[in-house]
Amino acid sequence: MERRLLQSIVEVARHAFGAAASSIFLIDPETGDLVFEAVAGEGDGQLVGTRFPAGTGIAGWVAASGQSMLVDDLRESRHFSGEAAASTGYVPDSIMAAPLFGDDECVGVLEVLDRGAGGVREMADVELLGLLADQAAIGLELLTRLRAAEPSNRSDKALRLLEMAESLLAPTHG
């Protein structure tokens with residue numbers, strides 16, 4: 001269910017910004033690697049599960065610094081890893097990225113690649129992406145806590161919320 005939540009966030013981000021792609025990396029707590037957990041647009045269906053070492057590229061910088069970043073011309077960025085991007089099969093021209101925080105530490109990064117309709121609302125776009133990243137982090141933490149709690153310790157409200165989230169995120173049939 002966590003992956004479906006993250007997938008819905010990247011799909012919303014991609015559509016909200018008219019972007020070629022959007023993705024979420026989570027940080028593997030044991031290795032520090034950045035792991036693609038959800039992808040919409042370019043690379044979807046093939047990148048989930050792909051890992052990069054900690055500190056790789058824009059996502060690595062955002063994860064380490066805990067700050068959002070907007071780069072409209074990646075050729076000018078010293079943080080961009082063209083090699084890592086090329087390994088995914090898609091090399092963007094621009095990236096906007098925001099950290100996902102859980103318990104005061106960065107647990108991942110939400111990225112939007114090659115957003116459409118260029119640059120008029122740059123600061124508003126970064127702020128909106130940050131809000132989406134916050135929603136993703138809160139949703140992820142809530143689901144993790146609800147699943148980890150003993151069923152006898154879950155309140156009725158928490159159970160209803162979990163059931164509602166599961167029904168909203170359930171794949172549609174037909």
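Biologist: How much of the protein counts as buried?

Modeller: Buried means under 20% relative accessible area, exposed means over 50%, and partly exposed lies in between, with a 1.4 Å probe and protein chains only. Of the 174 residues here, 46% count as buried. This is a predicted model, where local features need pLDDT of at least 70, side-chain atom pairs count only at pLDDT 80 or more, and totals for chains, interfaces and linings use all residues. Residues are numbered from 1 along each chain as its sequence is written, and side-chain values use heavy atoms, with hydrogens and water left out.

Biologist: Which pattern does the protein follow along the sequence?

Modeller: Helices (H or I, at least four residues) and strands (E, at least two) are DSSP runs, numbered from the N terminus. This protein has five helices and six strands. Their order is α-β-β-β-α-β-α-β-β-α-α.

Biologist: What share of the contacts joins residues 24 or more positions apart?

Modeller: Contact means heavy atoms within 4.5 Å. Take the contacts in the protein with a separation of 6 or more: residues 24 or more positions apart account for 52% of them.

Biologist: How do I describe two packed helices?

Modeller: Give the angle between their axes and the distance between the axes. Axes are lines fitted to C-alpha atoms, for helices over the stretch in contact, and angles run from 0 to 180 degrees between N-to-C directions. Helix 1 and helix 4 pack at an angle of about 170°, with axes 10 Å apart. Angles under 35 degrees count as roughly parallel, over 145 as roughly antiparallel, 65 to 115 as roughly perpendicular and the rest as oblique. Helix 1 and helix 4 are therefore roughly antiparallel to each other.

Biologist: Which residues make the contact?

Modeller: Helix 1 uses Glu2, Leu5, Leu6, Ile9, Val12, Ala13 and Phe17. Helix 4 uses Asp125, Leu128, Leu129, Leu132, Ala136, Gly139, Leu140, Leu143, Thr144 and Arg147. For classes, Ala, Val, Leu, Ile, Met, Phe, Trp, Tyr, Cys and Pro count as nonpolar, Asp, Glu, Lys and Arg as charged, and the others, Gly among them, as polar. The contact then has 12 nonpolar, two polar and three charged residues.

Biologist: How many aromatic pairs does a search of the whole structure find?

Modeller: Rings of Phe, Tyr and Trp (its six-membered ring) pair if their centres lie within 6.5 Å; planes under 30 degrees apart count as stacked, over 60 as edge-to-face and the rest as tilted. The search finds three pairs. The rings of Phe25 and Phe36 have centres 4.3 Å apart and planes at 35°, so this pair is tilted. Phe25 lies in strand 1 and Phe36 in strand 2, so the pair ties together parts 11 residues apart in sequence. Both residues are buried. Ring pairs link Phe25, Phe36 and Phe52 into a cluster.

Biologist: What about backbone angles? Where is Asp103?

Modeller: Most residues other than glycine have a negative phi. Asp103 has a positive phi, near 50°, and lies in the loop between strand 5 and strand 6. Asp104 is in that loop too, with phi near 65°. Asp103 is exposed at 57% relative accessibility, and Asp104 is exposed at 79%.

Biologist: Last, helix 2. Which of its residues are buried?

Modeller: In helix 2 (residues 57–65), they are Gly57, Ile58, Ala59, Gly60, Val62 and Ala63. These pack against strand 1, strand 2, strand 4 (69–71), strand 5 and strand 6. Gly66 follows the helix, with a positive phi near 75°.
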